[in-house]
Amino acid sequence: MTIYDKIGKTLQQLGISDAQGVESLFAELRKAAEQERAELVSRGAPNQPQRERLCKALRDRWLARKGGFLSQVDENWLKPSSRDLKPAVGRQFNELRRFAAGLEFEKLVEALPLQQEPSQQEELPLGSVAARPAPRDLTLPGLRRPLGSIHPVTRMQREIEDIFLRLGFWIESGPEIESTYYNFDALNIPETHPSRDDWDTLYIDSKTVLRTHTSPVQIRAMEKYGAPLYIIIPGKCYRHDNPDSTHSPMFHQIEGLAIDKDITFADLKGTLDFFAKMLFGEKVRTRFQPSFFPFTEPSGEVAVSCFVCDGQGCRVCKESGWIELMGCGMVHPQVLRNGGIDPDKYCGWAFGLGVDRFAMVKHDIHDIQLFFQGDVRFLEQF
Ligand code: PHE
């Protein structure tokens, strides 16, 4: 029989006949009142109207003149009690009233926490502690969120950066929205020169472009630091290309620039050969072929012997045994002059490579678009 059942019965029906029985019966009831209050506080209320409603319900349940637990106790326990027991029951009843007043059901309205925890909001009748859902098991393992990883293009960029940082180069950067002066003119590509068409340029206005290569930062760095200068310049570049498996209107380059006294083509070859061996392994050989760029003279294309088949011919090198790596050359004297450096005192070399292409070659990826589609099934392989 619960204490709530006992309230509906007389002491006689409950078989209580001495002061001690009365005392423990009232103790049980005080405990129930205290528990109900604690229960309400721990559940809280989702909003202010609910808070007021719940507090009033608790107060009425115990203190309502008609049908409240206290008046039931008065009716069922006190009034019909035997003459012997009446003094004891009366004392206990007064104490119960004091106790109930001390619980301050009215003041609960301010004390009750407002909380949104949905799982705790089911409205269970008060006094049904045993029927409440089990509290959350805090020992259960948590939800695991998948960890991200470095994008393969970023990772390739960092690998290349690391090699040049070890050689004493530092990293420089410049704007992606660039003037035609830095992107072309200062690099010895005058407006009327047909080689401007080599870069399918995205124009913002007649004097502003999305840079088509990282080479404009050569000039900016020369202006900023003068000579000597050993830098690499990683960054995004843009060209008016239709996206396909080898073209993307946005791609990544790394520019290299070394300017000092007595720099020769041998320094360029030695540096790039070392770089290729660091990146693709000791075994690879490099090949330099003549080429043309308006800002270098002489200019070259660098290829590396295929690191997969060792030059025998395979899918990665398209059966040629060689993989094209980059354009390079000795910095054109006019470019040095445009950057404020005296070409009679200083000379240098430069190169430009496509980071995306490097990552494709390294990981045998056949579609550059995969880098930019954000498909986790692709990205989680790196
Ligand atoms: N800027 C050239 C390009 O985008 C690459 C290059 C850089 C060539 C530096 C030579 C020297 O094609």
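Predicted model: local features only at pLDDT ≥ 70, side-chain atom pairs only at ≥ 80, totals over all residues.
A polar contact, as I use the term, is a pair of N or O atoms within 3.5 Å.

A polar side-chain atom of Ser215 lies 2.9 Å from a nitrogen atom of the ligand. His213 also has a polar side-chain atom placed by a ligand nitrogen, here at 3.0 Å. On its own the ligand has 320 Å² of accessible area, and the protein covers 93% of it.

How many residues surround the ligand? There are 15, and the closest are His213, Ser215, Arg239, Gln253 and Gly352. By type, the shell divides into 6 nonpolar, 7 polar and 2 charged residues. The ligand takes up the space of the largest pocket. Of the shell, the largest share comes from β10, with 3 residues.

Next, strand β8, which covers residues 296–305 and includes Thr296. Is Thr296 buried or exposed? Thr296 counts as buried, because its relative accessibility is 3% and the cut-off for buried is under 20%. The Thr296 side chain makes a polar contact with the side chain of Ser299, at 2.6 Å. Pro298 is also found in β8, and the peptide bond leading from Glu297 to Pro298 is cis, with omega near -5°.

There is another cis bond to point out, from Ala227 to Pro228, with omega near -5°. Pro228 is found in a loop, the one between α10 (216–225) and β5 (229–238).

Now the loop between α9 (180–183) and β3 (202–205), where Glu191 has its place. Glu191 is exposed, because its relative accessible area is 60% and exposed means over 50%. The C-alpha atoms of Glu191 and Pro125 are separated by 84 Å, with the two residues 66 apart along the chain. Asn188 lies in the loop between α9 and β3 as well. Its phi is near 70°, a positive value in a residue other than glycine. Asn188 is partly exposed, at 23% relative accessible area.

Last, Asp364, in the loop between α13 (355–363) and α14 (376–379). Asp364 is not a glycine, yet has a positive phi of about 55°. With a relative accessible area of 27%, Asp364 is partly exposed.

Note on methods:
Residues numbered from 1 in each chain as written. Heavy atoms only, no water. Near = heavy atom within 4 Å. Polar contact = N/O pair within 3.5 Å; in protein donor to acceptor, adjacent residues only side chain to side chain. Areas by Shrake-Rupley, 256 points an atom, 1.4 Å probe, with all protein chains shown as cover. 1 Å grid on protein atoms, 1.4 Å probe; cavity = no way out; pocket = protein on both sides within 12 Å on 5 of 7 lines; lining within 4 Å. Sits in = over half its atoms within 2 Å of the grid points. Helix = DSSP H or I, 4+ residues; strand = E, 2+ residues; numbered from the N terminus. Nonpolar A, V, L, I, M, F, W, Y, C, P; charged D, E, K, R; others polar. Buried < 20%, exposed > 50% of the residue type's maximum accessible area, 1.4 Å probe, protein only.
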